[in-house]
Amino acid sequence: MTTFLSPATELQDKLTRRTAKIAVLGLGYVGTPLAVHLAQSGFSVTGFDPHEGKVHTVNGGRSPVQDVLDEDVYQLVEAERLGATSDARQLAGHDVFILCVPTPLDECKQPDVSYIERAAAVVVEHLRPGGLVVLESTTYPGTTDELLVPILERGGLIAEVDFFVAFSPERVDPGNARFNTGNIPKLVGGVGANSTLLATQLYRSFLAQVFPVSSARVAEMAKLHENTFRAINIGYVNELAVVCHTLGIDVWEVVDAAATKPFGFMPFYPGPGIGGHCIPLDPHYLAWRARKEGFVTRFINLADEVNSAMPGYVVSRLMALLNDHKRALRGSRVLVLGVTYKPDVDDARESPAMHVIHELERHGAEVRFVDPFVRELPQDHGPRAHATAATLCDETFAWTDVAVILTNHSSFDWADISARVPLLFDTRGATRGIGNDGTLL
Ligand SMILES: NC(=O)c1ccc[n+]([C@@H]2O[C@H](COP(=O)([O-])OP(=O)(O)OC[C@H]3O[C@@H](n4cnc5c(N)ncnc54)[C@H](O)[C@@H]3O)[C@@H](O)[C@H]2O)c1
């Protein structure tokens with residue numbers, strides 16, 4: 001007698017035996033390490049990405065992102081555990097689809113979920129009974145239930161009965177040497193109990209700590225809460241930096257002093273503004289969703305206002321520094337040190353440095369930048385900036401009127417640099433304690 005397994009039991013069995021075929025949609029900073037970890041844990045994984053260059057890179061045994069080693073990709077591709085494609089037809093026969101696609105903002109700072117919609121439209125073509133779809137892209141609460149499920153049900157199957165859907169936020173922190181996709185605790189919230197159970201089982205196959213929550217909405221909101229918490233605290237400490245400067249107090253020493261309290265306080269540091277793909281964007285997803293209910297998120301809006309003003313504040317402080325030395329910003333030669341959005345990553349998109357350079361150029365400064373990770377400023381993101389790349393050589397130091405530290409890369413030798421530039425403005429507290437004459441934010 002043949003026994004028919006329910007779709008959920010069938011998938012459970014495939015996940016246990018690691019015979020489930022997994023498709024990861026989006027081979028970026030989130031999707032690539034995820035695909036590698038799943039393949040390393042024994043699953044057969046296909047990465048799908050319309051960007052043919054990335055597909056080519058992966059299939060050539062190389063990693064398209066900084067935090068994943070080429071050799072890890074190479075071994076998995078050689079063992080035929082990992083492959084990549086831009087051809088959606090290759091997704092036929094897969095059991096699990098994990099969406100790691102971009103969720104940017106449009107020009108009015110409103111959520112752009114069109115990448116999720118397009119990826120879901122690809123998935124629905126290949127979704128079978130017993131399939132599991134997980135959304136990892138950061139988004140507003142309700143996206144999984146209200147946007148993703150209706151698209152997936154267009155194929156005639158019913159979510160939570162025939163197939164399963166969950167949201168599991170990615171918390172990866174590019175450039176973080178201690179925490180990565182493999183050891184960051186994972187939240188999972190399904191559109192129903194079966195979905196939560198199956199998605200939890202999937203992640204437990206390669207992660208030690210998986211925390212199921214009661215719904216996809218809770219998981220979506222938890223991710224937004226984490227990053228909004230950061231954005232607001234950074235906004236507050238940036239405001240504190242401005243106040244401290246006005247009062248003649250060193251904000252860096254103040255933060256360190258407060259951080260000696262062993263409970264009820266965690267340090268955040270000021271800087272030239274916020275950057276990256278998460279902290280400047282995610283709070284707007286929450287603000288937009290709240291606005292739809294007629295609610296104004298005042299903390300989020302205020303933090304955005306303060307953080308967005310920091311590049312302009314940095315430029316005004318540079319002007320004041322030059323003024324103290326009888327110089328104008330117009331015509332001055334400014335050397336920008338570091339342009340990526342945080343130290344030791346290779347990404348200058350969404351970096352406050354782009355805004356600072358744009359402002360400097362708008363005021364007539366001549367700008368060059370030095371960054372070990374960036375040869376050219378991105379032209380398709382944020383404000384236009386024309387500065388050209390330079391290296392830290394005698395010619396560059398001789399050219400410089402004033403240098404400004406925007407990113408504290410670990411490879412910069414601050415003692416050497418500060419001794420060789422005529423004026424230095426440090427927005428990252430990088431030169432503290434090296435006995436230089438630089439000016440701190
Ligand atoms: N980068 C981070 O630090 C980080 C951390 C946590 C969460 N997130 C979130 O994860 C999501 C992905 O971010 P990322 O940094 O990996 O972005 P990314 O830009 O590095 O990668 C996204 C990839 O998706 C591909 N893509 C676009 N449309 C597609 C489609 N229809 N189907 C399949 N692939 C498609 C793009 O070509 C790109 O390679 C975003 O929602 C982001 O907010 C990012």
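D371 sits in the loop that runs between β10 (366–370) and β11 (388–389). In this predicted model, D371 is buried but takes part in no salt bridge, and the nearest side chain of opposite charge, that of R428, is 10.0 Å away. Polar contacts are present instead. The side chain of D371 reaches the backbone nitrogen of T340 at 3.3 Å, and a polar contact of 2.8 Å joins the side chain of D371 to that of H409.

**Ligand site**

The shell around the ligand has 24 residues, of which V30, D49, K54, T103 and T138 come nearest. By class, the shell is made up of 14 nonpolar, six polar and four charged residues. Polar atoms of the ligand are placed as follows. An oxygen atom of the ligand lies 2.8 Å from an N or O atom in the side chain of K54. The protein covers 91% of the 830 Å² of accessible area that the ligand has on its own. A backbone N or O atom of V30 is 2.9 Å from an oxygen atom of the ligand, while a nitrogen atom of the ligand is 3.3 Å from a polar backbone atom of G26.

**Salt bridges**

The structure holds 19 salt bridges.

| Pair | Distance | Accessibility of one partner |
|---|---|---|
| R171 and E226 | 2.6 Å | R171, 23%, partly exposed |
| D173 and K342 | 2.2 Å | D173, 30%, partly exposed |
| R420 and D394 | 2.4 Å | R420, 34%, partly exposed |

The side chains of R171 and E226 meet in a salt bridge. R171 lies in the loop between β6 and β7 and E226 in helix α8 (residues 216–247), so this pair ties together parts that are 55 residues apart in sequence. E226 counts as partly exposed because its relative accessibility is 25%.

D173 forms a salt bridge with K342. This pair links distant parts of the chain, with D173 in the loop between β6 and β7 and K342 in the loop between β9 and α12, 169 residues apart. K342 has a relative accessibility of 18% and therefore counts as buried.

R420 and D394 also meet through their side chains in a salt bridge. R420 belongs to helix α14 (residues 414–420) and D394 to helix α13 (residues 394–399), and the pair links these distant parts of the chain, 26 residues apart. At 57% relative accessibility, D394 counts as exposed.

Elsewhere, K14, D95 and R128 are linked in a network of salt bridges.

**Backbone and loop residues**

Most residues other than glycine have a negative phi. R18 has a positive phi, near 60°, and is not a glycine. R18 is located in the loop between α1 (7–17) and β1 (21–25), and counts as partly exposed because its relative accessibility is 31%. D344, likewise not a glycine, has a positive phi of about 65°. The loop that holds D344 is between β9 (333–337) and α12 (352–362). With 26% relative accessibility, D344 counts as partly exposed.

I184 is placed in the loop between β6 (164–167) and β7 (186–190). I184 has a relative accessibility of 11%, so it counts as buried. The C-alpha atoms of I184 and L207 are separated by 8.1 Å, and the two residues are 23 residues apart along the chain.

Conventions: Residues numbered from 1 in each chain as written. Predicted model: local features only at pLDDT ≥ 70, side-chain atom pairs only at ≥ 80, totals over all residues. Heavy atoms only, no water. Near = heavy atom within 4 Å. Polar contact = N/O pair within 3.5 Å; in protein donor to acceptor, adjacent residues only side chain to side chain. Areas by Shrake-Rupley, 256 points an atom, 1.4 Å probe, with all protein chains shown as cover. Nonpolar A, V, L, I, M, F, W, Y, C, P; charged D, E, K, R; others polar. Helix = DSSP H or I, 4+ residues; strand = E, 2+ residues; numbered from the N terminus. Buried < 20%, exposed > 50% of the residue type's maximum accessible area, 1.4 Å probe, protein only. Lys, Arg positive; Asp, Glu negative; His and termini not counted. Salt bridge = Lys/Arg side-chain N within 4 Å of Asp/Glu carboxyl O.
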